[in-house]
Amino acid sequence: MGYRVAVVGATGNVGREMLNILAERQFPVDEIAALASRRSLGTEVSFGDKTLKTQDLAQFDFTGWDIALFAIGSGPTKEYAPKAAKAGCVVIDNSSLYRYDPDIPLIVPEVNADAIEGYAKRNIIANPNCSTAQMVVALKPLHDRAKIKRVVVSTYQSVSGAGKEGMDELWDQTKGMYVPGQEKDPAKFTKQIAFNVIPHIDVFLDDGSTKEEWKMVAETKKIVDPAIKVTATCVRVPVFVGHSEAINIEFEDFLDEDEARDILREAPGIMVVDKREDGGYVTPVECVGDFATYVSRIRQDSTIENGLNIWCVSDNLRKGAALNAVQIAEVLGQRVLKKG
């Protein structure tokens, strides 16, 4: 016996990816519903070799459904997630709405799967921000060995993190650079994204950081260890899919780069590609469509007593969103619901 699963926001980038990954990983589904807003009613989406027609989220009854994977914004999530949870359906939410609620677990299965037990308080589980998810997968095994004191991270985040509008803007602006009359002014982003980088993701806060940067700080503390100090600079780059991060880590104890490499090779969800030669590292283009978080450029930082630098790359639509949500559903099934 399998699960009745609803994918909410099934016509968006992340929702479609959730359907793909549920099929790829052969999640034990008895019945699946693709839900979207009324304006997308009847739009066809793929689930393995099947085609599903989207249903109206506003009219959907979650009673009798086991799991709902939410891939819509915080506004509609605030309206519909509590309804699904109250109907007995466990919500796994990809928005930022519930991530910082102390009564709702924020989970990356490779890092803190045991937190799944906390779902019962509200019948809701939160999925972390895409940039946080891949970073904590790399940090946790190192933290277990040498205890991390401080992390300095600079991100290079793809436009797919801003949805279809972000991807379209990069495509249209790039074409417009070469085709007279097809120039496109910034709309989704604050400045030109084609052939440019923008050190601004989400809104600015009073201290000068952006909300994206604040998310990485708060979520790392909640998922890994509240004692870790994190400072982040988040940058949008003209890449369609795949987030990259340059991460500087300061430990309480010394950790040799060779031992760190061995630890990461054995860690769940990580692939180490680290050759000190031309091309001996992974770039975002190469990680698209993969489940793994890739780590390269592992090396000692000689400017501090116990420091390492690493380069971390992952498909943000997968590990940063859809894959992590499906992995949470797998843990929920194995440890709690126990049907499939």
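I began with Lys-319, which forms a salt bridge with Glu-110, the closest N and O atoms being 2.8 Å apart. Lys-319 belongs to helix α9 and Glu-110 to helix α3 (residues 109-112), so the pair ties together parts that are 209 residues apart in sequence. A salt bridge here is a side-chain nitrogen of Lys or Arg within 4 Å of a carboxyl oxygen of Asp or Glu. Helices (DSSP runs of H or I, at least four residues) and strands (runs of E, at least two) are numbered from the N terminus.

I noted the ground rules next. This is a predicted model, in which local features need pLDDT of at least 70 and side-chain atom pairs count only at pLDDT 80 or more, while totals for chains, interfaces and linings use all residues. Residues are numbered from 1 along each chain as its sequence is written, and side-chain values use heavy atoms, with hydrogens and water left out.

I looked up the cover of the opening pair: Lys-319 is buried, and so is Glu-110. Buried means under 20% relative accessible area, exposed means over 50%, and partly exposed lies in between (1.4 Å probe, protein chains only). My search of the whole structure gave 23 salt bridges.

I then checked Lys-140, which forms a salt bridge with Asp-144; their closest N and O atoms are 2.9 Å apart. The two are four residues apart in helix α4, which means a separation of about one helical turn. Lys-140 is buried at a relative accessible area of 18%, whereas Asp-144 is exposed at 54%.

In helix α7 (residues 257-266), Arg-261 and Asp-258 are three residues apart, so they too are separated by about one helical turn. Their closest N and O atoms are 2.8 Å apart in a salt bridge. Arg-261 is buried, with a relative accessible area of 9%, and Asp-258 is partly exposed, with 42%. I also found Glu-17, Glu-24 and Arg-318 linked in a network of salt bridges.

**Entry: the parallel sheet**

I traced an open sheet of six strands in the order β5-β2-β1-β6-β7-β8, with parallel pairing. Because β5 (55-56) and β8 (124-126) stand at the edges with a single partner strand each, one side of each is left without a neighbour in the sheet. Two strands pair if DSSP finds at least two bridges between them. Strand β2 (residues 29-36) pairs with β5 in the parallel sense over two bridges, and Gln-55 in β5 is the bridge partner of Leu-35.

Helix α9 (residues 318-337) lies across β1 (3-8), β6 (67-70), β7 (90-93) and β8, and runs at about 160 degrees to β6. Such angles run from 0 to 180 degrees between N-to-C directions, with axes fitted to C-alpha atoms, for helices over the stretch in contact. Contact means heavy atoms within 4.5 Å.

**Entry: the mixed sheet**

I traced another open sheet, of six strands in the order β10-β9-β11-β14-β13-β12, with mixed pairing. Its edge strands are β10 (229-236) and β12 (270-272), each pairing on one side only. From one strand to the next the twist averages 25 degrees.

How many residues of strand β14 (residues 307-314) are buried? Seven of its eight residues are. Strand β11 (residues 243-251) runs antiparallel to β14 and is joined to it by eight bridges; Glu-245 has Cys-312 as its bridge partner in β14. Six bridges join β14 to strand β13 (residues 293-301), also antiparallel, and a hairpin of five residues links β13 to β14.

Strand β9 (residues 148-157) pairs with β10 in the parallel sense over eight bridges. Helix α4 (residues 130-146) packs on this sheet, touching β9, β11, β12, β13 and β14, at about 30 degrees to the direction of β11. Helix α6 lies across β9, β10 and β11, at about 145 degrees to β10.

I looked up Gln-173 in helix α5. Gln-173 counts as buried at 3% relative accessibility. Leaving aside neighbours within four places in sequence, its contacts include Lys-184, Asp-185 and Pro-186.

Tyr-178 lies in the loop between α5 (163-176) and α6 (211-223). Tyr-178 is exposed, with a relative accessible area of 62%.
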